[in-house]
Amino acid sequence: MPVDEVVQQARRDLAPVPRVPGAPKADAMLVADGVRRSFGGVNAVDVEHLEVQRHVITALIGPNGAGKTTFFNLMTGFDKPDAGRWDFDGTPLAGVAASRVAKTGMVRTFQLTKALARMTVLDNMRLGARSQPGEGLFTALVKPLWAPREREITDKAMTLLERFKLDAKKDDFAGSLSGGQRKLLEMARALMSDPTLVMLDEPMAGVNPALTQSLLGHITDLRDTGTTVLFVEHDMHMVRHISDWVVVMAQGQVVAEGPPSEVMADQAVIDAYLGAHHDMDLGDDTLLDEGSVIDAEADAEAAAEVTTSPEEKAP
């Protein structure tokens, strides 16, 4: 079946899924059960059950401190849980090292990019490839044994850099790139290993608005070419417009999930972001014109600034 038809079928499969936390999916790629992680007696993650559907874009949202990044760290082997298990494509990954997790086809990016600043953009890309015979001590001494694979890796890296509009920067040090360009580089490098699931941790954080649309396009392209995407994001406008399914975490637990339009109008979700007694729709674009609606404290400060007279501001 063509990839676009597979993606459309996966999206249709979500239609009958119950709008309840931990709802089973028709073709779940990642399944987590009883995953718990605490720090100093505080439960950072307490996920009873969660399934991520294959071939769609799933957004993981929630207020600061909800446990989203910790959940990513656990799933990808960068942290160890106190309890629980999870399977990726039927393979148990609890206790598996991050390097081995990546080899299964599940890769992630970071909120703070991990590009190697003193290496060129092209060399950063080459590092992301699998099966590099030149990494072996003795093989590295015999160029004919690793040179053909090196050329394949370089060609693939250049193809991806062209796709992400970074080919002109291939010989620049990664540390010279802008924040948005580093996000693009990290996403491109993740694709060097041909992943089946890409986990993006706040891909829009610190990105210049001029690059935002480009990043959005690359994320939807991942899905449309057959890669499953799970991403953490605070930008509700982005979540609403590119995600097929939304999972909401609060205080380490999954409190809601469903299509973005329904989830963002859910009173329990609004309460998780803003506290009780609010009736805003988080999916309403008019609430996002001046920034994220979840930053209620900043909004209050801005309102106070507007109503303060010049005389009151004077020292």
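Predicted model: local features only at pLDDT ≥ 70, side-chain atom pairs only at ≥ 80, totals over all residues.
**Around Arg37**

Arg37 belongs to strand β1; strands (E, at least two residues) and helices (H or I, at least four residues) are DSSP runs numbered from the N terminus. With a relative accessibility of 16%, Arg37 counts as buried, a label for anything under 20% relative accessible area, while exposed is over 50% and partly exposed is in between (1.4 Å probe, protein chains only). The Arg37 side chain also makes a polar contact with the side chain of Asp79 at 3.1 Å. A polar contact is a pair of N or O atoms within 3.5 Å, where within protein one must be able to donate a hydrogen and the other to accept it, and residues adjacent in sequence count only if both atoms are side-chain atoms. Leaving out residues up to four places away in sequence, Arg37 touches several others, including Val42, Thr70, Leu74 and Pro81; contact here means heavy atoms within 4.5 Å.

**The open sheet**

Strand β1 sits in an open, antiparallel sheet of four strands, ordered β2-β1-β4-β5. Its edge strands are β2 (42-53) and β5 (91-92), each pairing on one side only. Two strands pair if DSSP finds at least two bridges between them, and β4 (residues 83-88) is joined to β5 by two. Across that pairing, Phe88 stands opposite Thr91.

**Strand β8**

Elsewhere, five of the five residues of β8 (residues 228-232) are buried, so this strand is largely enclosed by the rest of the structure. Thr228, Leu230 and Val232 point one way, whereas Val229 and Phe231 point the other way.

| Strand | Bridges to β8 | Sense |
|---|---|---|
| β3 (residues 57-61) | four bridges | parallel |
| β7 (residues 197-201) | five bridges | parallel |

In β8, Phe231 is the bridge partner of Ala59, and Leu230 is that of Met199. From β7 the chain crosses through helix α7 (residues 209-224) to β8 in a right-handed β-α-β crossover: with the strands pointing away from the viewer, the path from the first strand over the helix to the second runs clockwise.

Note on methods
Residues numbered from 1 in each chain as written. Heavy atoms only, no water.
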